[in-house]
Amino acid sequence: MKKLLLIATMLLMFGAANAQQIGDVQQKGTWLYSYDGSHEVGHFSIGSSDVFLGFSSTIVVVQKGSGSGIWIYSYDAKGHEQGHFSIGSSDVFRSVNGNYINIKKGSWIYTYDVRGHEISHRSL
């Protein structure tokens, strides 16, 4: 049992140590390139009508759709989808920080996690 626990702990530490940190993201046409300093760590394509909204050290945020079908997607440095959630046509992307995305809905700020689950909301 101790060996299994040790192996699991080492795998978690190895995975965390190898997680790519995002230092910059550049859009070139319909491609997003993520960098950790001066080295490219990943790139992925987005649709021609998609909007690159921003990034943090851990996620890249993209808006897809328009009108009544607006979706916010989060991706890791390599372009793997982490989660998504829908917003209303009058809602506005406010910021991304760490694994959290803030959306302004009227006079309220809603915070979502990287998987698209609402974490909290507060009034302005």
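In the predicted model, Asn 102 stands opposite Thr 111 of strand S10. The two strands S9 and S10 run antiparallel and are joined by six bridges. They belong to an open sheet of four strands with the order S8-S9-S10-S11 and antiparallel pairing. Strands S8 and S11 (118–123) form the edges of this sheet, each pairing on one side only. On average, neighbouring strands of the sheet are turned by 20° against each other, direction ignored. Strands of a sheet pair through backbone hydrogen bonds, in either a parallel or an antiparallel manner.

The largest nonpolar core comprises 13 residues. Within this core, Val 61, Ile 72, Phe 85, Ile 101 and Ile 103 have the most contacts. Two or more residues each are contributed by S6, S7, S8 (92–97), S9 (100–105) and S10. When residues up to four places away in sequence are not counted, Ile 72 touches Leu 53, Val 61, Val 62, Gln 63, Gly 83, His 84, Phe 85, Ile 87, Ile 101 and Ile 103. In soluble globular proteins, nonpolar side chains tend to be buried together.

Three aromatic pairs were counted, with ring centres required to lie within 6.5 Å. In one of them, the ring centres of Phe 44 and Tyr 75 are 4.8 Å apart; the planes lie at 35°, so the pair is classed as tilted. This pair links distant parts of the chain, with Phe 44 in strand S3 (residues 39–45) and Tyr 75 in strand S6 (residues 70–75), 31 residues apart. Phe 44 and Tyr 75 are both buried. Together with Tyr 73, these two residues form one aromatic cluster.

For Phe 85 and Tyr 112, the ring centres are 3.9 Å apart and the planes are at 10°, so this pair is stacked. Because Phe 85 lies in strand S7 (residues 81–87) and Tyr 112 in strand S10 (residues 108–113), the pair ties together parts of the chain 27 residues apart in sequence. Phe 85 has 6% relative accessibility and therefore counts as buried. Tyr 112, at 6% relative accessibility, counts as buried too.

Charged groups are also placed over aromatic rings. The charged end of Lys 28 sits over the ring of Tyr 33, at 5.0 Å from the ring centre. Likewise, the charged end of Lys 105 sits over the ring of Tyr 110, 4.9 Å from its centre.

Note on methods. Residues are numbered from 1 along each chain as its sequence is written. This is a predicted model: local features need pLDDT of at least 70, side-chain atom pairs count only at pLDDT 80 or more; totals for chains, interfaces and linings use all residues. Side-chain values use heavy atoms; hydrogens and water are left out. Rings of Phe, Tyr and Trp (its six-membered ring) pair if their centres lie within 6.5 Å; planes under 30 degrees apart count as stacked, over 60 as edge-to-face and the rest as tilted. Buried means under 20% relative accessible area, exposed over 50%, partly exposed in between (1.4 Å probe, protein chains only). A charge sits over a ring if NZ of Lys or CZ of Arg is within 6 Å of the ring centre and within 35 degrees of the ring normal. A nonpolar core is a set of buried Ala, Val, Leu, Ile, Met, Phe, Trp, Tyr and Cys residues joined through side-chain atoms within 4.5 Å. Contact means heavy atoms within 4.5 Å. Two strands pair if DSSP finds at least two bridges between them. Axes are lines fitted to C-alpha atoms, for helices over the stretch in contact, and angles run from 0 to 180 degrees between N-to-C directions.
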